[in-house]
Amino acid sequence: MDNTIEVQQLEYDVKGFDVEHYNVGFGHPLYTYAADIVSFICTAEEGGVIPIMPRCGLTIAFANHDEDYRCYVCGATNEMKKIEAKCGDGVALINFIPGVANSLLTKPAGELTEKVYEATEVLNGSKQINSCFRQSMEIGEKLKLISTVLRTYILQGQGNELAQYCLGRIYETGGIIKIDELAHEAEVTPRYIGKLFETHVGLSAKYCAGIVKLEDAVIKIQANPEARLTDIAAECGYFDHTHMNKAFRKMLYCSAGQIRESMFNNIDFKNVESYIPEFN
C-alpha cells in the first residue's frame, strides 16, 4: 500500500496580522509529517482573530503574550475555530498530516477530538519543546528546532498503515470517494474503517472526506475567483451550489460567496468557538 498523503496548502492573509508560512518540503525535519507550519503576529491595536480551518490532523499551537509562553495540543475538529489575539501577541501552528503524529501523544488520537490540552498533559517531549520555544531567536528558527525534536519522537512510533492508506485515498480523490468503495479497496468492512478512524484520526472517515472536499473547494475558489460557484461545486463532488453552501455554512460559518469575496476577513466570529484559551 502507498501511504503517501499529499495535503493541499491553503495560504491566506488575515486582517490585522503579519503571517508567515514556512516551507516544509524536502530537507525539512517534518517533511512528509507536517502539512503546514505558519506563524501570526498581531499588528492591530484593537487585536484580531485568526480563523482556523477544520482539520483532520493534530495541531501543536504555540502562543506568547509579553513574556508568557504557552504550548497546546489540539485534536481533529470538523468546524472552524478561532484564536483571539491582542496587539503584539504571537501564535505559531504546526499542522500535521492526519494520522502520522500519533506517536507524539500519550493518549489515543480519538481522545483529543474537538479538545485542546496543554502540551505537558499529552505531548511526548513537551518540556524540551517548551524550552526550545522560549529561546531568544527568530520564530522561524525556533520552529525549525522544535521540528527536529518532534521528528525524533515521531520516528520512535509506528503508524497504522491501513489508516494511512485510507486517508491517502480520501485526499487523493478530493474527498469524493465513498466509504463503501474505500472499504472494498482496503478489503475490510465499513464498520472496521469507522473504528480505525475513531482510534487513529478522531473523526469518522465521512467527516474527513467532508473536510477534504471543503478544503478543495476553498482552494479552487481562491485560485480562480472568476469561476462560477456552480462549476466548482460540481468539480468538487457536491450535488449543486446549494449543497456546497450548506457545507460551507455548517463548517465555516459563511457562504462560498463570502469566501470568494474576502476569504475569512468579514466573518462574524461571535458564534465560533475558540481553538486555544485566551490570555487573561
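This talk walks through the sheet, the salt bridges and the core of one predicted model.

First, the ground rules. This is a predicted model, so local features need pLDDT of at least 70, side-chain atom pairs count only at pLDDT 80 or more, and totals for chains, interfaces and linings use all residues. Residues are numbered from 1 along each chain as its sequence is written, and side-chain values use heavy atoms, with hydrogens and water left out.

Let's start with the sheet. Helices (H or I, at least four residues) and strands (E, at least two) are DSSP runs, numbered from the N terminus. Two strands pair if DSSP finds at least two bridges between them. Six strands make an open sheet here. The order is β1-β2-β7-β4-β5-β8, and the pairing is antiparallel. What stands at the edges? β1 (17–22) and β8 (116–118) do. Each has a single partner strand, so one side of each is left without a neighbour in the sheet. On average, neighbouring strands are turned by 20 degrees against each other, direction ignored. For such angles, axes are lines fitted to C-alpha atoms, for helices over the stretch in contact, and angles run from 0 to 180 degrees between N-to-C directions.

Now look at β7. It pairs with β2 in the antiparallel sense, through seven bridges. Isoleucine 37 stands opposite isoleucine 94 of β7. β4 also runs antiparallel to β7, with six bridges. There, isoleucine 60 has isoleucine 94 as its bridge partner.

Is β7 enclosed or open? Seven of its seven residues are buried, so β7 is largely enclosed by the rest of the structure. Buried means under 20% relative accessible area, exposed over 50%, and partly exposed in between (1.4 Å probe, protein chains only). Side chains in a regular strand alternate between the two faces of the sheet. In β7, one side carries Gly90, Ala92, Ile94 and Phe96. The other carries Val91, Leu93 and Asn95. All of these are buried, and both faces are covered.

Valine 73 has tyrosine 117 of β8 as its bridge partner.

Next, the helices on this sheet. Contact means heavy atoms within 4.5 Å. Helix α3 (residues 139–156) packs on the sheet and touches β1, β2 (34–42), β4, β5 and β7 (90–96). The direction of α3 makes about 30 degrees with that of β7. Helix α2 (residues 126–133) lies across β4 (59–65) and β5, at about 45 degrees to β4.

On to charges. A salt bridge is a side-chain nitrogen of Lys or Arg within 4 Å of a carboxyl oxygen of Asp or Glu. The whole structure has nine salt bridges. Which residues does lysine 81 meet? One is glutamate 114, at 3.3 Å, N to O. Glutamate 114 sits in the loop between β7 and β8, and lysine 81 in strand β6 (residues 81–85), 33 residues apart. Another is glutamate 273, with the closest N and O atoms 3.0 Å apart. Glutamate 273 lies in the segment after α10 (256–262), so this pair ties together parts that are 192 residues apart in sequence. Lysine 81 is buried, at 7% relative accessibility. Glutamate 114 is partly exposed, at 35%.

Elsewhere, lysine 270 forms a salt bridge with aspartate 268, at 3.8 Å between the closest N and O atoms. Shared partners join Lys81, Glu114 and Glu273 into one network.

Lysine 81 has a strand setting too. Isoleucine 52 stands opposite lysine 81 in β6. Five bridges join β3 (residues 48–52) to β6, and the two run antiparallel. Four of the five β6 residues are buried, so β6 is largely enclosed by the rest of the structure.

Last, the core. In soluble globular proteins, nonpolar side chains tend to be buried together. A nonpolar core is a set of buried Ala, Val, Leu, Ile, Met, Phe, Trp, Tyr and Cys residues joined through side-chain atoms within 4.5 Å. The largest one here has 105 residues. Phe62, Ile94, Phe96, Phe248 and Leu252 have the most contacts inside it. The largest share of this core, 10 residues, comes from α7. Leaving aside neighbours within four places in sequence, leucine 252 touches several residues, including Met53, Met80, Leu214 and Phe264.

Helix α7 (residues 205–223) also holds aspartate 216. Aspartate 216 is buried, at 9% relative accessibility. Beyond its neighbours within four places in sequence, aspartate 216 contacts Gln8 and Cys236.
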